[in-house]
Amino acid sequence: MPKFLIQASYTPDGTKGLLSEGASGRRAAVEQVVSGLGGRVEAMYFAFGADDLIMIVELPDSVSMAAASLTVKASGALQTRATPLLTLDEIDDAARRQVSFRAPGA
C-alpha cells in the first residue's frame, strides 16, 4: 500500500482546536479519516518550527490521499503537504526502466 509523508501547520483556529481537545483527540480524528479510506496511520508526531505535525500514512492510492487532503484543507484548520514515499524496490525498478530523453540544448 502506498505511503505518504504528511507535513502540516495549524492555522490559529486549528491551534485553538488542538488546545481544546489535545493531541490524543487529534490522533483519533486522523485515524478515523485514514481508516475510513482503507488506510492506516504508521506514525504521527507533533513538532515545532515550520511544521506542527508530521505523519506517515498508508492509503490505498493517490486518489484517497487527494480526498483526505481536500477535506482537511477545506476545513481551514490546517495547511498541509503530502509527499509520496517510494520503497527501495520501487526506485530500483525505476532505475532499470529505459527512458528516452534529450536535455534542453543538446
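Let me start with glutamine 7, which, once its neighbours within four places in sequence are set aside, is in contact (heavy atoms within 4.5 Å) with Asp51, Leu53, Gln79, Thr80, Arg81 and Thr83. This is a predicted model, in which local features need pLDDT of at least 70 and side-chain atom pairs count only at pLDDT 80 or more, while totals for chains, interfaces and linings use all residues. Residues are numbered from 1 along each chain as its sequence is written, and side-chain values use heavy atoms, with hydrogens and water left out.

Glutamine 7 sits in strand β1, residues 3–10, where strands are DSSP runs of E with at least two residues and helices are runs of H or I with at least four, both numbered from the N terminus. Its relative accessible area is 17%, so glutamine 7 is buried, a word that stands for under 20%, against over 50% for exposed and in between for partly exposed, with a 1.4 Å probe and protein chains only. The side chains of glutamine 7 and aspartate 51 are joined by a polar contact of 3.2 Å, that is, a pair of N or O atoms within 3.5 Å, of which, within protein, one must be able to donate a hydrogen and the other to accept it, and residues adjacent in sequence count only if both atoms are side-chain atoms.

Turning to the whole chain, three helices and four strands follow the order β-α-β-β-α-β-α. Of the contacts with a separation of 6 or more, 63% are between residues 24 or more positions apart, and buried residues make up 25% of the 106 residues.
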